[in-house]
Amino acid sequence: MEFNDDSVSSNVEDRRGFGPVGMGVGGIGLGGIAILIIGALLGVDPASLLSVVEQSSPPPQAHAQSRAAQPDDPQSHFAKQVLLSTERVWGAIFQQSGSTYQPPTLVLYDGATQSACGTGRAAMGPFYCPNDQKVYLDLSFFRDLQTRFHAGGNFPDAYVIAHEVGHHVQNLTGTFERLQGSGRAGAHGESSTSVRMELQADCYAGVWANHAGQGMAQISDQDIKQGLDAAAAIGDDRLQRQSQGYVAPDSFTHGSSAQRVRWFKRGIEGGDPGNCDTFSAASL
Ligand SMILES: [Zn+2]
């Protein structure tokens with residue numbers, strides 16, 4: 001994937017190079033930490049796990065020490081370009097429906113950092129915290145994508161960011177709130193609410209790819225194939241096979257590889273977020 005110009009988003013907080021900023025147990029109980037560590041071991045996106053512990057997590061802390069003049073390495077530059085393209089795409093989509101898109105902040109960090117949803121750790125993979133509306137990304141995850149999941153090219157990296165931004169869109173449109181109100185947010189299993197949340201974020205990532213490919217960036221068929229391969233590679237069934245050697249559908253949080261591919265495709269084909277209603281879909 002290649003962008004047509006070099007502009008980048010300014011909604012980025014670069015916490016790299018500070019070590020574990022604001023680390024500490026804070027208000028998260030040991031149970032919460034255990035949940036997060038288990039999530040980390042399984043390699044799952046912890047957004048859903050974090051929602052379990054966020055109630056007891058400490059309030060967001062100011063991180064005034066974020067470095068302003070971090071040299072712009074190619075990976076962070078690309079991440080900022082992707083973020084800008086998500087702002088443009090979702091800005092236009094929200095505008096069409098008469099509302100204003102409030103972009104999330106992308107936090108780049110090393111190893112571990114504090115979020116309003118608890119401590120973020122690189123091993124958990126990228127995640128979105130609805131409490132502070134920030135996407136947390138340790139760029140080493142991009143290396144993992146290449147080595148652990150054999151993802152090719154840079155499109156899978158963009159897809160991962162677009163997926164997390166998809167969770168932000170869910171937050172803005174009230175999906176998180178509705179689910180928490182319904183008391184079903186913590187449920188797991190093959191067609192549980194958390195799987196539907198994840199598949200909708202995949203579909204939203206597809207919607208982004210559809211629009212970003214029209215004027216902002218060159219997205220080739222090869223890119224899309226690599227994105228779909230990555231979606232397949234990081235489906236829960238594959239992740240679980242790699243970490244446990246067997247598949248246990250009850251603990252699925254992201255959806256199977258086939259489901260992730262299907263919903264990403266739905267988004268990319270129509271470019272319409274209205275096609276992403278995983279919650280009323282009879283079959284996923
Ligand atoms: Zn997710």
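**View 1. The β4–β5 hairpin.** Strands β4 and β5 form a hairpin, with 2 residues between them. Strands (E, at least two residues) are DSSP runs numbered from the N terminus. This is a predicted model, in which local features need pLDDT of at least 70 and side-chain atom pairs count only at pLDDT 80 or more, while totals for chains, interfaces and linings use all residues. Residues are numbered from 1 along each chain as its sequence is written, and side-chain values use heavy atoms, with hydrogens and water left out. β5 covers residues 118-121 and runs antiparallel to β4, to which 4 bridges join it; two strands pair if DSSP finds at least two bridges between them. Gly 118 in β5 is the bridge partner of Ser 115.

**View 2. The two faces of β4.** Ala 112 and Gln 114 lie on one side of β4 and Thr 113 and Ser 115 on the other, and all are buried (under 20% relative accessible area; exposed is over 50%, partly exposed in between; 1.4 Å probe, protein chains only).

View 3. Gly 111 belongs to the loop between β3 (105-108) and β4 (112-115). With a relative accessible area of 39%, Gly 111 is partly exposed. Beyond its neighbours within four places in sequence, Gly 111 is in contact (heavy atoms within 4.5 Å) with Gly 120, Arg 121, Ala 122 and Asp 138. The C-alpha atoms of Gly 111 and Phe 18 are 9.8 Å apart, although 93 residues separate the two along the chain.
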